[in-house]
Every structure is written in C-alpha cells, then in structure tokens.
Amino acid sequence: MRWSTGASLPGLDAGIVGSVAEAGGCDTAVDVGGDTPESLDGDYSLCNPSESELAVTVDGPLESIADVVAAASELRHSGFERVAVSLGGDGAVLVGADESYHAEAPSVEVVDTVGAGDALLAGLLAAFDNSADDSTALSQAVAVGSFAVTEHETRVLPLRELQSLAETVVVEPVDDARPRRE
C-alpha cells in the first residue's frame with residue numbers, strides 16, 4: 001500500500017489535493033480541517049483533522065466522545081473511508097464504515113506537543129500499511145503520538161519501546177455517549 005497525503009498549507013487548495021488523489025496508484029490521506037474536507041471532490045482513504053478542525057468543519061461544539069464520533073461519521077460520509085480525529089491528551093477517535101473506536105492516550109510526561117498530530121497520522125499510516133485492523137492501527141498511532149510529546153526533538157522510536165507503549169493504550173469500540181476524560 002502506498003500513501004499520498006495532502007496538508008493544509010498556504011496555497012494548497014482542495015483542487016491540488018484532489019489532483020494528487022486522482023493521479024492514482026496511492027491511497028490518499030488528507031490532513032486538513034476547516035472548510036477544506038467538505039470542498040474536496042472525490043473519495044479518499046483517510047481524513048485526519050484535529051478536534052478543533054473537526055468542530056469548525058461541522059460548525060458545532062464537540063463535548064463528548066459521542067459528539068466527536070458523530071461529527072467524524074458525518075465527515076466520513078462526504079467521501080472518506082475513515083476519519084481519525086486527534087484529541088490531544090484525550091487520545092484519538094477512528095471512525096470507519098463498520099465500527100468506531102476511541103483510544104485513550106497513555107499517561108506520559110508532556111514536554112512538547114509540536115508534531116504530535118503528525119506523529120499520530122504517521123503511526124496510523126504505518127499500521128495500515130502493515131495491514132493492521134482499525135483497533136490495532138489506532139493503538140499504534142496513539143502510542144506514536146504519545147511518544148512524540150515526550151521529546152523536544154524528533155527521533156526514531158525503537159520498535160520495542162513502541163510496542164511497550166502501544167500495550168498501554170486502551171482502545172474501545174464507541175457505542176455510547178461517554179463523557180470526555182476529566
């Protein structure tokens with residue numbers, strides 16, 4: 001599986017992201033928020049907004065995990081196979097065609113949050129590239145994102161450390177209106 005990604009960069013509009021997706025040969029993951037996801041025309045493998053980007057996209061507050069899942073599901077129906085929403089210290093949500101999951105972030109010492117969402121997306125894509133199911137992919141992604149916030153700089157996470165951290169991530173199907181973690 002090969003991936004192409006589109007990001008919300010100045011000058012990178014929905015038309016360019018769509019052209020990359022239409023070029024073929026890759027599954028396309030879109031890391032954009034605001035109005036951009038709704039303006040994309042086509043079918044994409046994954047959209048990865050942050051919670052705040054998703055709230056702008058659906059024009060409403062997201063006060064519970066159920067709210068996040070409902071908003072991600074609404075976005076998924078606009079042309080995405082899956083929607084993964086990063087929730088910062090509350091972990092992440094992954095909504096697919098058949099199931100939705102919430103993964104709680106493990107307790108780590110937060111040093112710097114810059115790049116955590118990108119690390120989460122990289123972990124998710126790597127897991128899907130290795131044919132992981134949604135629950136396993138989300139666990140790995142949250143582990144990678146959680147590790148990223150423990151460092152000031154970027155470094156490669158040894159596989160053994162990633163596996164140990166991923167084992168501490170609690171992933172559950174979302175089927176109720178659970179409140180956010182306090």
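**Reading salt bridges and helix packing**

Analyst: Let's start with Arg82, which is found in strand 4. Strands here are DSSP runs of E with at least two residues, helices are runs of H or I with at least four, and both are numbered from the N terminus. Residues are numbered from 1 along each chain as its sequence is written, and side-chain values use heavy atoms, with hydrogens and water left out. Keep in mind that this is a predicted model, where local features need pLDDT of at least 70, side-chain atom pairs count only at pLDDT 80 or more, and totals for chains, interfaces and linings use all residues.

User: Is Arg82 buried or exposed?

Analyst: The general idea is a cut-off on relative accessible area: under 20% is buried, over 50% is exposed, and in between is partly exposed (1.4 Å probe, protein chains only). Arg82 has 18% relative accessibility, so it counts as buried.

User: Which residues does Arg82 touch?

Analyst: A contact means heavy atoms within 4.5 Å. Leaving out residues up to four places away in sequence, Arg82 touches Ser45, Leu46, Cys47, Arg76, Leu94, Val95, Gly96, Phe128 and Asp134.

User: How many salt bridges does a search of the whole structure find?

Analyst: For a salt bridge, you look for a side-chain nitrogen of Lys or Arg within 4 Å of a carboxyl oxygen of Asp or Glu. The search turns up two. In one, Arg82 pairs with Glu81, and the closest N and O atoms are 3.5 Å apart. Glu81 is partly exposed, at 42% relative accessible area. In another, the side chains of Asp134 and Arg82 meet at 2.8 Å, N to O. That pair links distant parts of the chain, since Asp134 sits in helix 6 and Arg82 in strand 4 (residues 80-86), 52 residues apart. Asp134 counts as buried, at 16% relative accessibility. Through shared partners, the salt bridges join Glu81, Arg82 and Asp134 into one network.

User: Now the helices. At what angle do helix 6 and helix 7 cross?

Analyst: Helix 6 (residues 134-148) and helix 7 (residues 159-166) cross at roughly 110 degrees, and their axes come within 9 Å. That makes helix 6 roughly perpendicular to helix 7. As for the words, under 35 degrees is roughly parallel, over 145 roughly antiparallel, 65 to 115 roughly perpendicular, and the rest oblique.

User: Which residues meet there?

Analyst: Ser139, Gln140, Ala143, Val144, Ser146 and Phe147 in helix 6 meet Glu161, Leu162, Leu165 and Ala166 in helix 7. Leu162 is buried, with 11% relative accessible area.

User: What about helix 3 and helix 4: how do they pack?

Analyst: Helix 3 (residues 51-58) and helix 4 (residues 65-76) pack at about 60 degrees, with axes 10 Å apart. Leu54, Thr57 and Val58 of helix 3 make the contact with Val68, Ala71, Ala72, Glu74 and Leu75 of helix 4.

Conventions. Axes fitted to C-alpha atoms, helices over the stretch in contact; angles between N-to-C directions.
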